[in-house]
Amino acid sequence: MFCIFYYQQRQQGKNRPSALREAQVLLRHLTGQELSAEYKPKIEPMLKEKLKQAEAARKSVKKRRDACAKDSSEYQRLHEEYNERAKIANRIDNSRRILEEYCQKELPFASPNYWAAFTCAGLR
């Protein structure tokens, strides 16, 4: 969300420090209701598609893994890949739940944890 706000400000002609500051303010004041109405309809389908892709990749690796002998190095390699694919799918699914949770909050990004670490350095 921060990056979206930042680049919107840059497209409006603001310099980097001004765009950074405005993005921080916009993120801090974004309500859960605005997040739900304006951004969730765009984010949620993308997350669903990414989850579908991750699950398909995980199942493909599982199928290849299960065709190998359990004591083979190929099985071990594919098992590790399967676990990594499962982690990715879990992270995507968790992001969907977090999005839903944040939509229920009054000001989900009010904490400095979400916006304070961004800085500008170098040329304007």
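Rings of Phe, Tyr and Trp, the last by its six-membered ring, count as a pair if their centres lie within 6.5 Å. By that rule, this structure holds six aromatic pairs. The model is predicted.

Start with the rings. A pair of aromatic rings is described by the distance of the centres and the angle of the planes. Take Tyr102 and Phe109. Their ring centres are 5.3 Å apart. Their planes stand at 80°, so this pair is edge-to-face. The cut-off behind that label is an angle over 60 degrees. Tyr102 and Phe109 are both buried.

Phe109 also pairs with Tyr114. Here the distance is 5.2 Å centre to centre, with 85° between the planes. This pair, too, is edge-to-face.

Tyr114 has 30% relative accessibility, so Tyr114 counts as partly exposed. The cut-off for buried is under 20% relative accessible area.

Helix H1 covers residues 2–11, and helix H2 covers residues 16–29. Their axes come within 8 Å of each other. The axes cross at roughly 135°. Because of that angle, H1 is oblique to H2. The label roughly antiparallel would need an angle over 145 degrees. The crossing of H1 and H2 is right-handed.

Which residues make the contact of H1 and H2? From H1 come Phe2, Phe5, Tyr6, Gln9 and Arg10. From H2 come Arg16, Ala19, Leu20, Glu22, Ala23, Gln24, Leu26 and Leu27. Sorted by class, this contact has eight nonpolar residues, two polar ones and three charged ones.

The next helix pair is H3 and H4. Helix H3 runs over residues 32–66, and helix H4 over 73–104. The axes of H3 and H4 come within 8 Å and cross at roughly 165°. That angle makes H3 roughly antiparallel to H4. The crossing of H3 and H4 is left-handed. By class, the contact of H3 with H4 has 17 nonpolar, five polar and 15 charged residues.

Two residues of H4 give detail. Glu100 is found in helix H4. At 32% relative accessibility, Glu100 counts as partly exposed. Which residues does Glu100 touch, leaving aside those up to four places away in sequence? Glu100 touches Lys40 and Glu44. Glu100 and Glu44 are 56 residues apart in sequence. In space, their separation is 9.2 Å, C-alpha to C-alpha.

Asn94 also lies in helix H4. Asn94 has 34% relative accessibility and so counts as partly exposed. Asn94 and Ala57 are 37 residues apart along the chain. Their C-alpha atoms are separated by 18 Å.

Is Thr119 buried or exposed? Thr119 is exposed, with a relative accessible area of 64%. The cut-off for exposed is over 50%. Along the chain, Thr119 and Pro17 are 102 residues apart. The C-alpha atoms of Thr119 and Pro17 are separated by 8.1 Å.

Conventions:
Residues are numbered from 1 along each chain as its sequence is written. This is a predicted model: local features need pLDDT of at least 70, side-chain atom pairs count only at pLDDT 80 or more; totals for chains, interfaces and linings use all residues. Side-chain values use heavy atoms; hydrogens and water are left out. Axes are lines fitted to C-alpha atoms, for helices over the stretch in contact, and angles run from 0 to 180 degrees between N-to-C directions. Helices (H or I, at least four residues) and strands (E, at least two) are DSSP runs, numbered from the N terminus. Angles under 35 degrees count as roughly parallel, over 145 as roughly antiparallel, 65 to 115 as roughly perpendicular and the rest as oblique. A crossing is left-handed if the near helix is turned anticlockwise from the far one by less than a right angle, and right-handed if clockwise. Contact means heavy atoms within 4.5 Å. Ala, Val, Leu, Ile, Met, Phe, Trp, Tyr, Cys and Pro count as nonpolar, Asp, Glu, Lys and Arg as charged, and the others, Gly among them, as polar. Rings of Phe, Tyr and Trp (its six-membered ring) pair if their centres lie within 6.5 Å; planes under 30 degrees apart count as stacked, over 60 as edge-to-face and the rest as tilted. Buried means under 20% relative accessible area, exposed over 50%, partly exposed in between (1.4 Å probe, protein chains only).
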